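Please consult the sequence and coordinates alongside the text.

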Amino acid sequence: MAQPTITPTAAPAPQPGPVRSKSALKRRNRYVIAPLVLIGVNVVLFLVFFVWPGALGMLYSFTDYRGIGKLHFIGLANFQKLFADGSFYAALGRTFVYTVLSVPLVYVCSLGVAALLVSKAVRGRTAAKTVIFLPWLISPIVVGVIWKWLFGQDFGFINFLISGLGGNPLPWSSDGNLALAVVIFASAWGGTAFNMLLFIAALKNIPESLLEAAELDGANAWQRFRHVTLPGIAPTSFMVILLSTIHAMKEFAMIQALTGGGPGTQNTLIVQYIYKTGFEQSKVGYASAASMVLMVVLLAIALIQLRFNRKKG
Amino acid sequence: MATAANLPPAVAEEHAQPTRNDPAPRRRDGRTQPGNREIRAKASIPLTLLMWVIAAIYALPLLWFLLSSFKPGSELFSYPLSMIPREWTFQGFVDAWERVDFAQYFLNTATVSITTTVLTVFFSACTGYALAKYNNKGTRLFFVCILATTMLPTEVILNPTFSVIRDLGLYNSLAGIIVPSVLTATGVFMFRQFFLTVPDDLLHSARIDGAGELAIFFRIMLPLSKPILFTLAIFSFQWRWNDYIWPLIVLNDPKWYTLQVALRSIVGAENIDWPVLLGASVISLLPLVLVFFVFQKYVLNADVSAGLKD
């Protein structure tokens with residue numbers, strides 16, 4: 001790569017002579033110093049705001065640090081305590097439940113909407129796309145507020161509709177599972193927009209001829225979708241699932257606004273648990289140990305999905 | 001710079017290259033290729049209906065929220081609820097703006113979002129270009145590093161990040177939110193992806209003409225990447241405007257609060273002041289809605305395929 005390959009057509013008057021005769025130092029300037037200057041700032045930011053806290057977090061997890069004073073190493077005690085801590089398991093378990101339920105919903109919603117939006121048979125696609133995209137503009141905090149307002153137990157629109165239709169109002173905020181359901185709906189609502197864009201781009205790249213060939217061979221709409229479209233968008237599907245999974249595992253802001261982890265601590269997810277122990281109770285060492293576990297879980301998820309993807313591809 | 005004059009057309013041509021993906025799918029519209037395509041292009045009433053029912057479902061939460069924000073406090077909880085306010089009022093917005101020091105939060109958020117966006121776009125362009133066009137050990141290693149940041153988000157290292165911010169003296173300042181947010185993997189990937197599609201020939205001919213490496217980047221490559229630049233700018237603005245976790249750990253003094261932190265403190269209160277909360281939330285949405293409607297083609301038509309998400 002170090003030597004630019006010069007083709008006669010690249011420039012009107014190719015003069016390889018002077019370029020080649022440049023001193024080694026100058027060439028080094030070109031290919032080493034220049035990119036270094038270009039990436040310099042981001043390298044520094046990466047080291048300061050990623051490597052440093054990462055290393056520090058690992059260090060903290062072996063101490064009983066409480067935010068001030070000297071580090072006092074206590075070995076693996078944090079991890080021992082953590083693995084015997086019921087509330088940690090509860091938070092981790094709830095996070096898994098949330099992820100397992102919300103990721104497929106987000107996936108189905110975004111893909112379904114995207115499929116409709118690229119279908120020529122649908123009228124008014126641009127307007128519909130804009131409407132469905134709007135939630136992307138809304139912050140997780142406000143998404144939480146909107147859904148809290150919609151599903152208010154005593155004053156919400158949904159309970160009003162349910163009782164209007166003759167049903168009994170549901171305890172959306174005092175029942176743990178219903179509260180989680182609202183969180184899942186809200187996450188699907190907020191998460192559809194962006195993934196939909198990814199799917200639309202992928203769907204448009206499927207060659208029309210393939211779909212036509214399948215149609216000529218007598219494949220019905222579902223078969224075409226299942227055997228042509230779905231394999232065609234596999235890389236995008238993989239990316240959407242991976243990103244949504246990681247996103248769901250670290251869900252924080254939206255829940256803070258929507259339920260605050262409630263009722264009680266029933267729907268406290270893992271990041272919220274880390275925040276509570278680390279900042280509100282300032283058990284920094286302990287929270288860092290929990291963070292390390294989350295980090296391992298995220299890495300494992302990424303590696304499993306990567307492997308799965310490779311096998312399929 | 002003998003061929004400097006030749007550059008613009010060349011540039012224009014290269015420019016078209018990355019977007020050349022577009023026409024192919026567009027051909028499916030049936031406009032360029034009639035035939036059996038026309039049969040498929042016929043409107044299907046069930047599908048259209050389905051689409052619009054779904055769109056209505058997506059619109060409902062937002063619509064209910066918006067309409068509620070125009071209701072007076074007394075009407076918010078009075079049964080039977082009505083979708084359309086019986087009495088329209090702006091009191092909620094006025095209260096939010098005056099009582100909660102909202103103007104200050106608004107200003108803080110705008111400062112953070114705009115500054116970070118400018119820096120993010122610029123440095124992402126630099127890094128993305130270097131990663132795409134200089135293939136050496138250093139850039140390859142840094143690419144892997146950037147990739148790693150997407151797997152290990154800030155949420156995983158909250159406490160140590162706080163310590164770092166504190167030790168750098170950035171605690172409780174807007175700079176503490178701005179500086180760490182400048183590096184985003186998505187931004188770098190977007191630009192890298194784009195510059196990979198720019199032919200190396202362009203780079204080589206500029207080199208032959210004696211242009212310096214940085215001059216090539218600033219005078220040829222950066223102007224080429226304008227569409228990506230806009231797309232990332234909007235993304236970045238949205239991320240920063242809506243960001244919650246960084247301001248939460250960095251800011252302590254209410255005078256530096258951003259909108260999201262302020263909103264969370266309203267909604268986290270024992271007794272939620274709903275009229276103010278509704279008004280405040282709606283106000284917080286306005287700038288993004290405005291930006292979106294002005295620049296929507298850069299978002300909706302962006303061929304988003306890199307790891308775009310923060």
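**Helix packing, burial and chain contact**

A:Leu210, A:Leu211, A:Ala214 and A:Glu215 in helix 9 of chain A meet A:Arg224, A:His227 and A:Val228 in helix 10 of chain A. By class, this contact has 4 nonpolar, 1 polar and 2 charged residues. Here Ala, Val, Leu, Ile, Met, Phe, Trp, Tyr, Cys and Pro count as nonpolar, Asp, Glu, Lys and Arg as charged, and the others, Gly among them, as polar. Residues are in contact if their C-beta atoms, placed from the backbone, lie within 7 Å. Helices (H or I, at least four residues) and strands (E, at least two) are DSSP runs, numbered from the N terminus.

The model is predicted: local features need pLDDT of at least 70, side-chain atom pairs count only at pLDDT 80 or more, and totals for chains, interfaces and linings use all residues. Residues are numbered from 1 along each chain as its sequence is written, while chains are lettered from A and ligands numbered from 1 in the order in which they are written.

Q: How are helix 9 of chain A and helix 10 of chain A oriented to each other?
A: Helix 9 (residues 208-216) and helix 10 (residues 221-232) of chain A pack with their axes 10 Å apart, at an angle of about 140°. Axes are lines fitted to C-alpha atoms, for helices over the stretch in contact, and angles run from 0 to 180 degrees between N-to-C directions. Angles under 35 degrees count as roughly parallel, over 145 as roughly antiparallel, 65 to 115 as roughly perpendicular and the rest as oblique. Helix 9 and helix 10 of chain A are therefore oblique.

Q: Is helix 16 of chain B largely enclosed or largely open?
A: A residue is buried if 20 or more other C-beta atoms lie within 10 Å of its own, exposed if 12 or fewer, and partly exposed in between. The buried residues of helix 16 of chain B, including B:Leu259 and B:Arg264, pack against helix 6 (140-150) and helix 12 (253-258) of chain A, as well as helices of chain B. Because 8 of the 9 residues of helix 16 (residues 259-267) are buried, this helix is largely enclosed by the rest of the structure.

Q: Which helix gives the largest share of the side of chain A that touches chain B?
A: The contact takes 90 residues from chain A and 84 residues from chain B. The chain A side divides into 70 nonpolar, 13 polar and 7 charged residues. Its largest share, 23 residues, comes from helix 2 (residues 24-60) of chain A.

Definitions and conventions:
Two residues are in contact if their C-beta atoms, placed from the backbone, lie within 7 Å.
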